[in-house]
Each structure stands twice: as structure tokens, then as C-alpha cells.
Amino acid sequence: MICALGSSVCFGMASVFQALGAREATPGTGAGVDVALQLRVMRQWRYLAGLSMDGIGFGLQVVALLTLPIYMVGAALAASLAVTAVAASWLLKVRLHLMEWAAVGVVCVGLTMLALASGDEGEQSSSEALRWAMLAAAFGVLGLGAAAGRLPGRPRALALGLCAGFGFGVVEVAVRLIDSWSLTNPAVYALLLGGGTAYVLLTSALQRGSVTTATAGAVLGETIGPALVGVVWLGDRTREGLAWLAILGFTVAVTAALVLARFGEVPVPEPARTETPTP
């Protein structure tokens, strides 16, 4: 549980730095998925600092996925938006409204409910078919993302964010399916392809569309699907008689995270205007 919360903190803080780095990068053409954008943002030190935090967060996420049910880890990852919101209010002086402060508190309540209700990681052995299915899903995300990048306006931001969420979801499941880092294990390639595709799609979505819409799509994509896979195919369970509490806690945490979706990319405060005295 500590690792899941630690990864949430790392991902939440990383968003603050990555958002500033993405904003400083030169915009692209505005059409399709701009792969070159990823290379341009890599020149910004703030983005690189955020990427380092993401690396630490991913390491903690892997440990958490190996010891906790996927639904618990997924909810904790969605809660990183609460961390981003609080960090933005302190470090960037971004104003949080009363509803947003309430959403931060509700996320914490939902995670507490999940922690009380969650059982151990599922012990069902993963099948070779599921590993290949995850690799196929990773290729599917790549294809869907390319198609989503050609959509106009608001639908594009939602579609790109949702596809990015699916990619991160593939990573969550693939971690559980990797029993060895053999080059013949399709889950290894699913993890690499799903994670790489998800980063490119989410960066494009944040740069070119509504931050709130894109982030909401990503939250939904990376939480609900992987949680169902964990319960149905990997044997994730709750404590005896507390399934209702786990479902309620998961729903509460994810819903509150959606309220904070605008912090998927931290808004940069505008400098204060100096009024010119009238003669």
C-alpha cells in the first residue's frame, strides 16, 4: 500500500513539471499525433525532472502491482490528480475552488475504504493466451491512437486521452503477467509498446486539446478495464464480506479524481497585469 501511494505522489508531482515542459516546447502542426513533440519536450529540463519522477513512480507501481490487487493500484494512480492539484496550489499558486478541495478529501476517503476492503493479490496463474491478448491490445491501442489523432477538436482530446489510458492499463496488467523477462514472453513487449504508446498519445492530447477532457479519458481507461481483468482473470478479491466497500471506495476515488481532471496538465498562472494609469 505504501508503494501504491508513493507512486501516486511521484506521478502527481511529475505532472507539475511535465506540464511546464510541454508548454515550453514548440507547438507542432496541430494535425494528427505529433511524435516529434516528444523529442522537443525532452529538451526541457522541467520535463526531464518530471520524467525522472515518473521513473521512480513506475518502480513503486511495479512493486505495488506485485503485492496488491490491480483495482487498488489503479485507484491510487487516479488519486495522483489530487497530489497534482495540491502541488499546484502550493508551488504554482493555482487557486483551488471549494469543490476541488472537497474532491481531494473524497479521494482520500475512497482510498481509505479500498485499503480497508482490499484482499491479497490474486493467485490465479496467468495463461499464455492472456499474455498474447495483452500484446494484441497494445497494438490495438497504437492503431486506435493513430486514428484518434485525426479526429477534430474536442472528440480528439477525449479519444487520445482514452487511448492513452488503455495503454497505461495494458502496462498494469502486463506487469502481473511477467513471470520472467524472457524475450519470448509477449507480456514484456505488451508492457513496452503499451507504455510508450500511452506516453506519446497523452502528450499529444494535453498539448492540443482540452486538458480536462483528455485526463478524464485517461483516468477511465487506466482504471476500469484493468480492474475488471484483475478480478475476472487474475483472481483479485476483497476481504470476506467487504466487496461492497471495495466497489464503493473504487467508485468514490475514481469519481472524485475525475472532478480534478483539469489538473492532468497544470495550468500555468498568468502574470499579474499592471494597469497603466490614465493621464
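Mentor: First, a term: a polar contact is a pair of N or O atoms within 3.5 Å, where within protein one must be able to donate a hydrogen and the other to accept it, and residues adjacent in sequence count only if both atoms are side-chain atoms. The model is predicted, so local features need pLDDT of at least 70 and side-chain atom pairs pLDDT 80 or more, while totals for chains, interfaces and linings use all residues. Residues are numbered from 1 along each chain as its sequence is written, and side-chain values use heavy atoms, without hydrogens and water.

Trainee: Which backbone oxygen lies 3.0 Å from a polar atom of the arginine 131 side chain?
Mentor: Start with arginine 131, in helix α7, residues 128-148. At 8% relative accessible area, arginine 131 is buried (under 20%; exposed is over 50%, partly exposed in between; 1.4 Å probe, protein chains only). Its side chain has a polar atom 3.0 Å from the backbone oxygen of leucine 177.

Trainee: How many helices and strands are in the chain?
Mentor: Helices (H or I, at least four residues) and strands (E, at least two) are DSSP runs, numbered from the N terminus. From that end, the elements run α-α-α-α-α-α-α-α-α-α-α. The count is 11 helices and zero strands.

Trainee: How far apart in space are glutamine 44 and glutamine 18, C-alpha to C-alpha?
Mentor: Glutamine 44 sits in the loop between α2 (35-41) and α3 (45-65). It counts as buried because its relative accessibility is 18%. In sequence, glutamine 44 and glutamine 18 are 26 residues apart; in space, C-alpha to C-alpha, they are 8.9 Å apart.

Trainee: What kind of aromatic pair do phenylalanine 168 and tyrosine 199 form?
Mentor: The whole structure holds one aromatic pair (Phe, Tyr or Trp rings, with the six-membered ring for Trp, centres within 6.5 Å; planes under 30 degrees apart are stacked, over 60 edge-to-face, the rest tilted). Here the ring centres are 5.5 Å apart and the planes stand at 90 degrees, so the pair is edge-to-face.

Trainee: Where does tyrosine 199 lie?
Mentor: The pair links distant parts of the chain, 31 residues apart, with phenylalanine 168 in α8. Phenylalanine 168 is buried at 18%, whereas tyrosine 199 is partly exposed at 29%. Tyrosine 199 lies in helix α9.

Trainee: Which helix gives the most to the lining of the largest pocket?
Mentor: The largest pocket has a volume of about 760 Å³. Of its 32 lining residues, those closest to the centre include Phe168 and Tyr199. Its lining divides into 19 nonpolar, nine polar and four charged residues. With seven residues, the most comes from α9.

Trainee: Which helix supplies the largest share of the lining of the second largest pocket?
Mentor: About 310 Å³ of space lies in the second largest pocket. It is lined by 13 residues; among those nearest the centre are Tyr71 and Ile247. α10 and α11 (243-259) each supply at least two. The largest share, five residues, comes from α11.

Methods
On a 1 Å grid over the protein atoms alone, a cavity is a set of points where a 1.4 Å probe fits but cannot get out, and a pocket is an open set with protein on both sides within 12 Å along at least five of seven lines; lining residues have an atom within 4 Å of a point. Grid points are joined across faces, edges and corners, and a volume is the space filled by probe spheres set on the points. Ala, Val, Leu, Ile, Met, Phe, Trp, Tyr, Cys and Pro count as nonpolar, Asp, Glu, Lys and Arg as charged, and the others, Gly among them, as polar.
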